[in-house]
Amino acid sequence: MHGEYKVPGGKLVVVDLDVEGGALRNVRVAGDFFLEPDEAILAIDAALEGAPANTDTAGLAARIDAALPASAVMLGLTTEGVAVAVRRALAQATEWSDYDWQLIHEAPQSPALHMALDEVITAEVAAGHRPPTLRVWEWASPAVIIGSFQSLRNEVDREAAARYGVDIVRRISGGGAMFVEPGNTITYSLSVPDSLVSGLSFADSYAYLDDWVLGALGDMGIRAWYQPLNDIATDAGKIAGAAQKRVVGREGAVLHHVTMSYDIDADKMLEVLRIGKEKLSDKGTKSAKKRVDPLRRQTGLPREIVIDNMIDSFRNRHGLTPGKVTGEEMARAEGLVRTKFGTAEWTARVP
């Protein structure tokens, strides 16, 4: 069995192993990390040898911690990262390179239609009817997108939203409210087979699926990192938030979508969103304006160029071919707008 895992902010860990009699055998750990002293790698292999195959990530990491010499130094590597690679090998997880990735980047669409397309496209991936897909959104109108479990009245000032012509929609994933305006926001979705994140915890899957965009930002000179549970941050502040939804199907799939702030009218956002002191306190800030650091200022590039650079970075890392929403997919999405995402019942399902 073979498993790979790139440690967030670190290096690639590769594990090859067999399972005999319910235990790990012939374990070999490798990768492009740095480790001192040399014999520490043998200690890691030995710590995993014979471990019950059902040992969880924490248990495997504890075995390695106990076996490493006190002088061991790891750079780009963690014991948890090795344990995750082992769990991915046991789960027979797939890798990014196992797929022919498809890009969808089409004309601006309504907020409700974007919500529906996320559900439809991810369901198609789950059913095995479409390849893993990167969909870059273009917005036809400003919107507030609230999380699946958020209270509408607690999150949005509906009078202010109406005054500014801001649509209010509810997505299928959890997480917090997002304020978006055409030209000021970069949003994308990854619809991926469940096997791509096999062996990862829910939290680890966020970091794993965000890794490519951290690289893309780095290519543009922005040092960014994953900030648990679902933020992307820089030294200057938060620039993006992610959310996920698991979708059941023949193969299963994960929807992972991210909204990034290119530019923002912070005063308007504060009027439309009800951002409480409690929410701000866990970000270590005193005002909502400090929570968002636009990409426009950090890159100095037009929004369209930032998007092109991101797509090129994904293509260079994992391959990417042009695609489109099929007629059948669009018809299903439009139907969901009429029966679900465009209805007051869905938007106010948590009043």
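What is the strand order of the open sheet of eight strands? Select the strands and read across: S12-S13-S14-S15-S11-S7-S6-S16, with mixed pairing. Strands here are DSSP runs of E with at least two residues, helices are runs of H or I with at least four, and both are numbered from the N terminus; two strands pair if DSSP finds at least two bridges between them. S12 (224-227) and S16 (321-322) stand at the edges with a single partner strand each, so one side of each has no neighbour in the sheet.

A word on ground rules. This is a predicted model, where local features need pLDDT of at least 70 and side-chain atom pairs count only at pLDDT 80 or more, while totals for chains, interfaces and linings use all residues. Residues are numbered from 1 along each chain as its sequence is written, and side-chain values use heavy atoms, leaving out hydrogens and water.

Next, select 231-234 and 237-247. These are S13 and S14, paired in the antiparallel sense over four bridges. Ile-232 sits opposite Ala-240 of S14.

Now pick 202-219, which is helix H7. Its 18 residues reach 27 Å from first C-alpha to last, close to the 26 Å expected at 1.5 Å a residue (1.5 Å times one less than the number of residues). Look for a kink of about 40° centred on Asp-211; the bend is the angle between axes fitted to the seven residues ending there and the seven starting there. Of the 18 residues in H7, 13 are buried, so the helix is largely enclosed by the rest of the structure (buried means under 20% relative accessible area, with a 1.4 Å probe and protein chains only). Gly-221, which follows H7, has a positive phi near 85°.

S1 (2-6), H7 and H11 (303-318) each supply at least two lining residues.

Last stop: Thr-299, in H10 (295-299). Thr-299 is buried, at 16% relative accessible area. Select Leu-209 too: the pair is 90 residues apart in sequence and 22 Å apart in space, C-alpha to C-alpha.

Terms used
Buried < 20%, exposed > 50% of the residue type's maximum accessible area, 1.4 Å probe, protein only.
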